[in-house]
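Here's a quick briefing to read with the model open beside you.

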Amino acid sequence: MKNLLTTIYLILSCISFASCSNSPTNTTTETLTNNTATTAQSQPENSPEPETETKPKTDTQAKTKSVPQTVSNTTKKSQSPQTKTPKKPQIGTVKELVNGDLLCYVTLVDEQGKENRVGASFEICAEEGKFLNKKVRAVSTIESVSDCESAEPCGKTRQESIITKMEVLEDKSATKPQESKTQSKTQTISNGEWTITTGNHDSWTGVNNTGNLTYKGCDAKGKCIELTGGRVSCRDGICVTGWTNGDYVYILEQPITEDGNAPQTLIVRKGDSEILKATGLK
């Protein structure tokens, strides 16, 4: 009986030992299985996260790239008004206005006498009568003009500095030379008894009985008379200039010579009577 109990005890002990040995294995296996399942589950859940993180990076990069474009666009916009800034005005005399296929062309002569052919808007040529042969101040700006080979549209343009505005100036400098020119044409002759000064000789065009010469005649005592409206006639080798003052006619006669320095004669008539003749005026 004791042997039987001993045998049963041993058998139970072995069974208990075997169950204890298998328990960690199963626990480890279950743990590995659970970890694998957990890892497998965590991977699909976590896999979008890198994509989610990548997208913000891409957006950030896109935004970062767009910044220079914005700056560039801003720069272009800020530059565009600068291209419209008028350049320093040119001053000159308009010699010619010509309508071309793409532009109006203005020939300006500056104060040094140099000619410059400059492109202009067609509105300038449309006012040719206003600007031709006038001294003007021309203002140029950078404009988009056609870059086609003819007046036919081709869709091409280029940036070019052209005249967009012209203002007629009063040529004061031209008036002074004209005055000095008139003064240089003034001529004074004398014979010691009479002194005569004539002017405005340019008024005579070369056609007989024309002109508007001035006359100032003074005697030795300083008594003077001034006349205007003198007319010139040249024939038979003599040039005659005459002024009328009521019933009196004042005449200067001069023979035609190569040097034009022949002595002149003053004749004063009243009606048909000759009341004065002074010779040797030079």
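How many bridges join strand β11 to strand β12? There are 6 of them, linking residues 248-255 to residues 264-270 in an antiparallel run.

Before going further, a word on ground rules. This is a predicted model, so local features need pLDDT of at least 70, side-chain atom pairs count only at pLDDT 80 or more, and totals for chains, interfaces and linings use all residues. Residues are numbered from 1 along each chain as its sequence is written, and side-chain values use heavy atoms, with hydrogens and water left out.

**The overall picture**

- Helices (H or I, at least four residues) and strands (E, at least two) are DSSP runs, numbered from the N terminus.
- Of the 282 residues in the chain, 20% are buried. Here, buried means under 20% relative accessible area, exposed means over 50%, and partly exposed is in between, with a 1.4 Å probe and protein chains only.
- Take the contacts between residues at least 6 apart in sequence: 37% of them join residues at least 24 apart. A contact means heavy atoms within 4.5 Å.

**The sheet**

- Eight strands make an open sheet in the order β6-β7-β8-β9-β10-β11-β12-β13, and the pairing is antiparallel. Two strands pair if DSSP finds at least two bridges between them.
- At the edges you'll find β6 (187-190) and β13 (273-281), each of which pairs on one side only.
- On average, neighbouring strands in this sheet are turned by 25° against each other, direction ignored. For that kind of angle, axes are lines fitted to C-alpha atoms (for helices, over the stretch in contact), and angles run from 0 to 180 degrees between N-to-C directions.

**The nonpolar cores**

- The largest nonpolar core has 15 residues, and I196, Y215, W243, Y250, L252, L266 and L281 touch the most other members. A nonpolar core is a set of buried Ala, Val, Leu, Ile, Met, Phe, Trp, Tyr and Cys residues joined through side-chain atoms within 4.5 Å.
- Strands β8 (210-218), β9 (224-235), β11, β12 and β13 each supply at least two residues of this core, and β9 gives the most, with 3 residues.
- Check out L266: leaving out residues up to four places away in sequence, L266 touches I196, Y215, I251, L252, L276, K277, A278 and L281.
- There's also a second, separate core of 14 residues, and its members include V94, L97, L108 and V118.

**Rings and a charge**

- Searching the whole structure turns up 2 aromatic pairs. Rings of Phe, Tyr and Trp (its six-membered ring) pair if their centres lie within 6.5 Å; planes under 30 degrees apart count as stacked, over 60 as edge-to-face and the rest as tilted.
- The ring centres of Y215 and W243 are 4.9 Å apart with planes at 50°, so this pair is tilted. Y215 lies in strand β8 and W243 in strand β10 (residues 238-245), so the pair ties together parts that are 28 residues apart in sequence.
- Y215 counts as buried at 3% relative accessibility, and W243 does too at 1%.
- For Y215 and Y250, the ring centres are 5.6 Å apart and the planes are at 50°, so this pair is tilted. Since Y250 lies in strand β11 and Y215 in β8, the pair ties together parts 35 residues apart in sequence.
- Y250 is buried, with a relative accessible area of 13%, and Y215, W243 and Y250 form one aromatic cluster.
- Elsewhere, the charged end of R117 sits over the ring of Y105, 4.5 Å from its centre. That label applies if NZ of Lys or CZ of Arg is within 6 Å of the ring centre and within 35 degrees of the ring normal.

**Single residues to look up**

- T107 is in strand β2 (residues 104-109) and counts as buried at 7% relative accessibility. Setting aside neighbours within four places in sequence, T107 is in contact with T93, V94, K95, E96, E115, N116 and R117.
- Most residues other than glycine have a negative phi.
- N133 is not a glycine, yet has a positive phi of about 65°. N133 is in the loop between α4 (128-131) and β4 (135-146), and is exposed at 57% relative accessibility.
- D236 isn't a glycine either, and has a positive phi of about 55°. You'll find D236 in the loop between β9 and β10, exposed with a relative accessible area of 75%.
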